[in-house]
Each structure stands twice: as structure tokens, then as C-alpha cells.
Amino acid sequence: MRKSIAKSIYLGAAALAFAGIAGATSASAKTYAKVTSISSIKGNVVTTGSNAVGTKALTLKGAKTVKSGAALKAAQDADKTGNYNFRAYSVATTNRGSVYYKVVSFDKTVRGWVYGGNVKGTFAGGIKDFATTTDATAPTGDQTANDGAQLWNAPAWTTYKVGRASEKLANGAKFTVSKAVKNSKSGDLYYQIAGTKTAADGKWIAAKDVQTEAPVAENQVRINFTDENGKVVASKTYTNSNYKTQGAVDFLNTSAPNVATQDTVLNSLVSGYSLVDGLSDAQKANNSAALANAKYGSTVTLSVKSAKAFSVFGVAGNDLSKTTTNLTGTGLDATSDVAYDKGTLANLRLALTKVATGKIGDKISRADVLAAIKSAGADKFVVVKQGTTAISSAKDVLQGKVYTATQYTLDDSALNDAYYTVQADGAGIPTLTYTAKAGQENSSTNQGVTANANNENILARFNFNY
């Protein structure tokens, strides 16, 4: 009896132990979803915060959380520009019927898989469809870009990996608008460019980078002066209290006499442009015709030309060689001599110095004239020769040859005017006077350089301090 009871007890314990083991094994077993299909998709979405983004579908084995639903929602609520918009670019389904989308934020800080509901191609669960732009009313007529305006391949933060354009509009260039949209989050307005017949057509520009112009009232006429690039360089609006009894053309002839044929009005508004110099006969005729058709409440556009830049030394780009007839100095020939290590005298660019340039009639001070000469290296230079041949640099100096050197120093006392007037085509160029000093060889013979002088600073062989 006891053996039987004991055996029953032993068997009962074994059965209970097996049941416990079996129960434990069943409780700890976990199954994972499997991907049954994956394909590409394109769509702009935003996160809802209902689900986290994972390294893969969070029901797959080994998946880890990239960003929690709560963190996604907080970031989405704080986004006021669109940098936290998302692009969905892959879709996967699992054997459980769930749909997951692979997404990336526009600023590329978050990338991974998020639950998207149970219908492939429909954004649900942790994401929802989002239109990154809304339509706006496009302005009519010509628009003008601000100088240096940034163009865009798509309005900022509205399309993943599409941003700034390399194309540019010329400063002040005009264009028309084919479409207008607003960034759905920032509210920033953008215009699509058209009508330029350049690579800028089809690009986008922020409305803030477009010049705004007050409307012309019914008793006003506006005159815009535009340069060769279509840029409005000056503008003036004329108001007539007697507009009902006096025609616009007569009014302008009184208020702005000869405005289309003389520079008086233009020069009172802006410098550096002309209605006379540089315009073709056709452009001048168009200006006169535009003025003859002036109407109240409208704008008359007149073409102007960038004024030619002049210097007291001649037109911009002039140099010391152009001052031959105004250059004095023993043995100095500005047309053929070379300033050692500075190149030909034509390289001594006097007129390119801004302080010496201006419009015809401008007065340049003596101090600015001297500054221009010094900046060009024309206040002191040395001419080195082998016989009658000028030497430009050390590479032209050869062993055993005899060289002479003459130092030319500007005599600034000869520039004794208080100022110099800019004149057309270089008329009235100041006379530059130089004193000449022959260099002595640093040797006993003082007859030029006869030692090995190959590829060295030849000037070191001469003494000018005597």
C-alpha cells in the first residue's frame, strides 16, 4: 500500500513538473510578423504621433525604435517651415495584413518604417497625406526681382531633396508669373518664373524677393527709367491736381520738360546713366513715342544706358602708356619701356583705380590722383636694359651680359592743381613728370653688371642711393 501510494505520489510530482515545464515553454514563445511584399511609392506625408518610426516594421524580429510617436508629434507640432515634412518612398505588407511605409524627413534627421494602416497605398496609422503647398493668386504684368534674389527648383521645404537653383536672374530683370503657391506650414509665398527666355523660366522666387511698386493713381503718371538689363534704375511719379482738364502728355511736358531727350531729370534721380549717350536712334525714338502716349494712371518706361566710365587718366582701362604725350622724364618712352618686375608700362593701370574715376565733369582731388598713381605702382619704377632692349624680369637676365638700370620717380610737385576734371575720352590727362637716376653697379667699375647675374634680382646689383 505504501509503495503504491509512494509511487502515485512520485508519478504525480513528475506529471506536475512536466506540466510546469510545458506551460513555461508555451508562455515564453513569441512569434514575429514576416514581410510578404515590398515596393516603391511616392508621397508627401506628416506623422500623426500614433505610431513610432522603427529601423524596420516594429512587428519584425530585431526591429528597434528610431523615434517614438510622442516625440514625432512634438516635433511635428513645432515645425513652422516644412523641414519636418516626410517623404514616403517604400511600402511593405506583412503576413498579418499590416502595411508599413518607409519615410524620411525633409531635413533628413529621421528615417525608418512606420505603421500605415491595412490598405496599401493609403496613408493611415502613424502618417497621413499632406499637401506641402496651397494655391495662391498670381500677380499679373511684369515683375522685377530684387538684386541677388535666390531662385528655387521648388519652393523651399515643399519637395524632398529639391531646393536652391543655380540659375540667376540679372539684377533687376523682369519676368511674368505663371503660378503662385504658398508653403503650407510657413505661409511663405512663391512665384513660378516665366517670360525671361532664359534657364530661369520654370524656377521659383520668393515673393519677398520681388520688388513691390505702389499703384499709380488716376491723377498720376509714373516714369520708370530702365537699363539695358530691364532693371528699373530710377522712378518718379508726377501728380496733377488738374488731371481732369489737362492731358497727361501736356502735363509731363510742363512738369518734366525734355525728360526723354535730356538727362536733367534722370541725373537728379540717379547717377551713372544717360538717355542720350549710348542709346541707339531706335531706342531714342521709342522713348519719345512712349512719352507721347502717356496716360494718367499708367507708367511710361524710358530706356537708359549705363554711363561710360571715365577717369582723369582716360576711359576706364587706361594705363601709363596712354599718357605718352603727357609724360616727361629723361630717356623714358612709355610706348616701349618696361617697368622691371611690373611688366610693360601698359600694366600700370591708372584709370582702374576707383578714386580717380567718375562721370564727365566730376572733379577728382589731387590726393586721389596721387593715390591712383601709387596704387598702380607708377610713383616709382626701374627700367633695366641690355643695350636698348628692356628687361622685364630676372628670368631674362643672363650670365656675362652687361645691364644698365634707371630709376624713375614721380615728381609730384608738378601735380599742383587742387583737383582734376574728368573729361571725355581722356582729354585733359594730367602731365606726369619723372626724375631719372642711373643706377651704379655695386662694384669698383660702376659700368653695369658683368658678373654672374643669371636668374637673380638684378636690382640688387645696382645702387640708387648716391
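In what order do the three strands of the open sheet with mixed pairing lie? The order is 15-14-17. Before going on: this is a predicted model, where local features need pLDDT of at least 70 and side-chain atom pairs count only at pLDDT 80 or more, while totals for chains, interfaces and linings use all residues. Residues are numbered from 1 along each chain as its sequence is written, and side-chain values use heavy atoms, with hydrogens and water left out.

Some terms. Helices (H or I, at least four residues) and strands (E, at least two) are DSSP runs, numbered from the N terminus. Two strands pair if DSSP finds at least two bridges between them.

Back to the three-stranded sheet. Strand 15 (232-239) and strand 17 (298-303) are its edges, each pairing on one side only. On average, neighbouring strands here are turned by 20° against each other, direction ignored; axes are lines fitted to C-alpha atoms, for helices over the stretch in contact, and angles run from 0 to 180 degrees between N-to-C directions. Strand 14 (residues 220-226) runs parallel to strand 17, joined by six bridges. Opposite F225 is L302 in strand 17. Helix 3 (residues 248-255) packs on this sheet and touches strand 14 and strand 15, contact being heavy atoms within 4.5 Å. Its direction makes about 110° with that of strand 15.

Next, an open sheet of seven strands, antiparallel, ordered 3-2-6-5-4-1-7. Strand 3 (65-67) and strand 7 (127-129) each have a single partner strand, so one side of each is left without a neighbour in the sheet. Seven bridges pair strand 4 (residues 86-94) with strand 5 (residues 99-105) in the antiparallel sense. There, A88 has V103 of strand 5 as its bridge partner.
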